[in-house]
Structures are given as structure tokens and as C-alpha cells.
Amino acid sequence: MSRDQFQKNSMYIETPEAFTDGSKNFDDDGRAKRTGTWVTASAHIITAVIGSGVLSLAWAIAQMGWIAGPAVLLAFSFITYFTSTLLADSYRSPDPVHGKRNYTYSEVVRSVLGGRKFQLCGLAQYINLIGVTIGYTITASISMVAVKRSNCYHKQGHDAKCYISNNPFMIIFACIQIVLSQIPNFHKLSWLSIVAAVMSFAYSSIGLGLSIAKVAGRGPAVRTSLTGVQVGVDVTGTEKVWRMFQAIGDIAFAYAYSNVLIEIQDTLKSSPPENQVMKRASLIGILTTTMFYMLCGCLGYAAFGNDAPGNFLTGFGFYEPFWLIDLANIFIAVHLIGAYQVFCQPIFGFVESKSKEKWSNSQFVNGEHAVNIPLCGTLHVNFFRVVWRTAYVVITALIAMIFPFFNDFLGLIGSLSFWPLTVYFPIEMYIKQSKMQRFSFTWTWMKILSWACLIVSIISAAGSIQGLAHDLKKYQPFKAQQ
């Protein structure tokens with residue numbers, strides 16, 4: 001999802017070349033001259049935001065109904081746009097137009113807020129990255145299972161008992177990631193990000209088209225309501241509350257792109273000012289994404305009603321045309337193979353750079369060994385990199401096997417990352433840079449917005465944790481689930 005192709009620019013920035021031909025090919029800080037425009041930035045935002053989060057929107061709408069569901073989605077859309085405009089003004093500091101450029105989100109926080117808040121920002125970012133890699137392992141395995149089950153039902157009939165475990169597919173996914181993780185500077189393989197972005201649009205569009213076909217068809221009637229799943233019919237009163245909290249987290253995850261906004265802005269030409277162009281691009285990107293989300297969420301709810309599945313593509317997975325469902329789920333798996341790598345590369349880079357600083361004389365940590373591979377040329381192998389990256393992939397896969405719950409995990413990731421990265425830091429940096437007077441009207445309502453979003457994040461995290469705990473009670477690890 002998706003957000004993948006922009007993260008790669010944020011953590012691995014090469015040293016600028018010296019000025020060899022004046023300012024013709026370089027910006028004022030010695031880096032290569034940027035050529036991005038509002039058109040390219042808008043496209044970046046759209047492809048960054050639309051990812052696997054779209055798969056859970058029909059379920060989220062089903063928990064809240066026709067009124068609260070779209071209203072919450074629109075509220076997150078507005079908040080995300082508003083805070084993205086504040087973040088755009090923080091790209092240069094101390095002045096938003098003539099100040100020094102900051103190339104990553106964490107650099108912006110360090111430049112404007114500094115100290116402990118910079119450390120908290122790094123903690124929030126890395127928790128989010130780790131959570132996403134675990135979530136992608138779960139999502140990819142679910143899609144692989146959906147392909148196998150749809151083929152099983154197609155061959156044996158819809159009454160067949162096609163119970164298939166996710167675990168073998170998580171192991172397959174992990175093995176692929178272990179191999180890919182050994183390639184140093186994987187972020188330079190931009191073709192994988194391009195493929196991932198195409199896959200994201202493809203499976204989302206297939207899901208949208210299938211929803212329209214299901215609504216237009218004469219299939220069995222589905223139950224929808226203004227308030228979503230019904231107490232006493234679908235869920236208990238307590239379950240209704242917890243599910244609504246979790247649904248809020250799922251929507252937050254679907255809109256989380258703030259941690260790549262600065263990297264997108266860093267692609268823009270310096271004239272006109274980047275913050276003005278970025279605000280325009282954010283408006284176009286968020287409006288487009290919101291329209292797409294409303295269609296997928298609402299049409300998905302209309303297609304499945306209160307029984308909408310957590311991953312709405314798997315809801316089509318056992319009906320015809322089975323080949324189209326298979327194709328969509330294969331697209332998801334391919335997308336997540338690339339997405340996983342780009343999200344874990346910053347983690348790899350951080351740990352390896354810190355390790356090299358601490359054990360600078362260690363041959364195990366710093367030594368590079370050339371290995372000739374037929375047809376592939378020479379590959380430089382570092383033993384620490386092999387051990388550490390393999391261990392990381394194995395650990396995330398084991399966690400995914402223990403907690404293979406798609407909606408709960410997406411909701412938890414969205415809850416943990418939404419408030420600090422999307423709301424708190426942009427508001428705090430804007431207040432600091434603008435030298436806003438304490439307890440002024442603007443200062444007060446911005447603080448109220450921040451605290452309100454913190455409360456929303458807390459309750460949605462609580463809903464996701466409760467969902468995980470509830471699912472674990474009836475879950476049997478390493479056994480095929482229905």
C-alpha cells in the first residue's frame with residue numbers, strides 16, 4: 001500500500017555532489033535540482049494513500065451505518081488535509097518559504113521542536129513501520145488463502161469444506177522477504193514501487209467493480225441500516241461499541257500518509273514555493289482519495305450489508321467469476337511483497353547504522369564479502385546484515401501467525417500512528433514556527449482538536465486491542481480456520 005514508493009526517499013539520502021557546473025543542475029543546498037509539480041505531487045499522494053487500508057472500509061462502514069460511517073470518513077479526510085497543510089509549512093524552517101530545507105519527517109521535527117519530541121517522533125515512526133510489516137504479512141497470507149479457497153469452491157462446489165491455514169502462506173511470504181532483504185539499498189529498485197502502485201489501483205478497482213455488479217445484480221437481499229450492525233441481531237451492545245472503536249482505527253489507517261508527506265514535498269521545484277504547491281496537491285489528492293474511499297466503502301457495504309467481511313475482496317472470493325477474484329488477490333500479494341520491503345528498509349538502515357557506530361571495529365558488523373552469483377554478478381554480503389534481517393523477518397512472521405487478525409491489526413496500527421504523526425506534531429510545529437500566542441483563539445481550538453484526536457486514537461486502539469483479545473480466545477494457532 002500505496003504508501004511504499006515514497007518511504008524509500010526518506011531514510012537513504014545520498015550525499016550531494018559538489019557543484020561542478022554551477023547551479024544549473026543543483027538546488028541551493030547542493031542536491032540535484034528538483035522537477036516536481038503539483039500534478040506529480042498529487043499523483044504521489046493518491047498512490048501513497050490508496051493501499052491495503054481500502055480493503056477494510058466496507059467493514060468499517062458496516063459497523064457504523066449509513067450516517068456515522070461516511071461522516072467519520074469525511075471527518076478524517078478533513079483533519080488529514082488540514083494537518084497536511086500545517087506540515088507543508090514546516091518543510092522549511094524557520095521560514096516556510098526561505099528557510100532551510102528538511103528532507104524527512106523526523107528532520108522537520110528535530111529542526112522545529114528538537115530534543116525529546118524528536119525522539120518521540122522517531123519512536124512513533126518505527127512502531128508504525130514495524131506494525132505495517134506485520135500487518136502486510138497477515139494481509140498477503142489472507143489473499144493467498146482466498147485464491148486457494150476460491151479455486152477449491154469452484155472445483156468442489158460452494159458447500160465443500162475448504163478450510164485452509166494461513167500459516168504456510170505466511171511462511172512462503174517470509175521466505176520471499178528473507179531473500180529480498182539481503183539486497184542492500186533495495187530502495188533503489190524503483191520499478192518494484194511502480195509495480196506495487198499499479199497493483200494497488202488494480203485490486204481496488206476490481207473490488208469497486210465487483211461491488212457495483214453485486215449491487216446491480218439480483219442476488220439475495222442484504223441488510224443495511226442507518227446505524228450499521230444491529231444490537232441483538234448481529235452483535236451484542238458491548239460488541240457494537242468495541243467494533244465502532246475498531247472501525248475508527250481502520251479508517252485512520254486508510255488515511256495515514258503524513259509520514260511520507262515531507263518526502264513528497266521534497267520532490268517539488270523551489271519556485272513557486274513548495275508549501276503553496278503542496279497545499280494544492282494535498283487538496284487534490286485528498287479529494288480524489290476520499291471520493292474513491294466513499295465509493296469502495298459505501299458500495300462495499302451496499303453489496304454485503306451488515307455481514308461485510310473484514311477484507312471485502314475475500315467476500316467475493318467464493319463466487320464467480322472466480323478467476324477475477326483470484327487476479328485481485330494475486331495483485332494484493334504482489335503489491336505487499338514490494339510494500340513490505342520498502343517499509344522495513346528504514347528499520348534495517350537505522351539498526352545497521354547504529355550498530356556500525358557502536359561496534360566500528362567489528363568485522364562481523366562492518367565486513368563486506370564479495371560473492372559471485374551466476375547470471376547476477378557480484379553480491380556483497382555482510383554477515384550481520386544477513387543474521388539481523390533474517391531474524392527480523394522471522395520474528396514479524398511469528399507475530400503475524402500469533403495475531404492473524406486483519407481488521408484488528410490495521411485498526412491498531414492506524415490508532416497508534418494517527419494522533420502523533422498526523423495531528424500532534426504538525427500542530428505543535430505550526431504553533432512553534434508561527435510564534436502563536438498561548439491561549440489565543442487559534443491556539444485554543446488547535447489544542448482542542450489535538451486532544452480530541454488523541455481521545456479518538458485511544459478509544460480506537462482500545463477497540464482494536466479488545467478485538468485482538470476476543471479473537472485470540474477462539475483462535476487455535478497452526479490450525480486451518482473456516
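The chain you see above holds 16 helices and 4 strands, and the model is a predicted one. Of its 482 residues, 55% are buried.

**Helices α6 and α12**

- Start with helix α6, which covers residues 167–181, and helix α12, which covers residues 322–358; the two pack at an angle of about 50°, and their axes are 10 Å apart.
- With that angle, α6 is oblique to α12, and the crossing of the two is right-handed.
- On the α6 side, the contact is made by Phe173, Ile176, Gln177, Leu180 and Ser181.
- On the α12 side, the residues making the contact are Leu336, Ile337, Tyr340, Gln341 and Phe348.
- Sorted by class, the residues of this contact between α6 and α12 are 7 nonpolar and 3 polar, with no charged ones.

**Helices α15 and α16**

- Now find helix α15 (residues 406–433) and helix α16 (residues 441–474), which pack at an angle of about 165° with their axes 8 Å apart.
- The crossing of α15 with α16 is left-handed.
- The contact of α15 with α16 includes 16 nonpolar, 7 polar and 4 charged residues.

**Valine 381**

- Valine 381 sits in strand β4, which spans residues 377–381.
- Is valine 381 buried or exposed? Valine 381 counts as buried because its relative accessible area is 19%, and buried means under 20%.
- Setting aside neighbours within four places in sequence, valine 381 has contacts with Gly367, Glu368, His369, Val371 and Val386.
- Valine 381 and isoleucine 183 are 198 residues apart along the chain, yet 8.6 Å separates their C-alpha atoms.

**Glutamine 246**

- Look for glutamine 246 in helix α8, which is made of residues 237–255.
- Glutamine 246 has a relative accessibility of 5%, so this residue is buried too.
- Which residues does glutamine 246 touch, if those up to four places away in sequence are not counted? The list is Trp59, Asn407, Asp408, Gly411, Ser460, Gly463, Ser464 and Gly467.

Terms used
Residues numbered from 1 in each chain as written. Predicted model: local features only at pLDDT ≥ 70, side-chain atom pairs only at ≥ 80, totals over all residues. Heavy atoms only, no water. Axes fitted to C-alpha atoms, helices over the stretch in contact; angles between N-to-C directions. Parallel < 35°, antiparallel > 145°, perpendicular 65-115°, else oblique. Left-handed = near helix turned anticlockwise from the far one by under 90°. Contact = heavy atoms within 4.5 Å. Nonpolar A, V, L, I, M, F, W, Y, C, P; charged D, E, K, R; others polar. Buried < 20%, exposed > 50% of the residue type's maximum accessible area, 1.4 Å probe, protein only.
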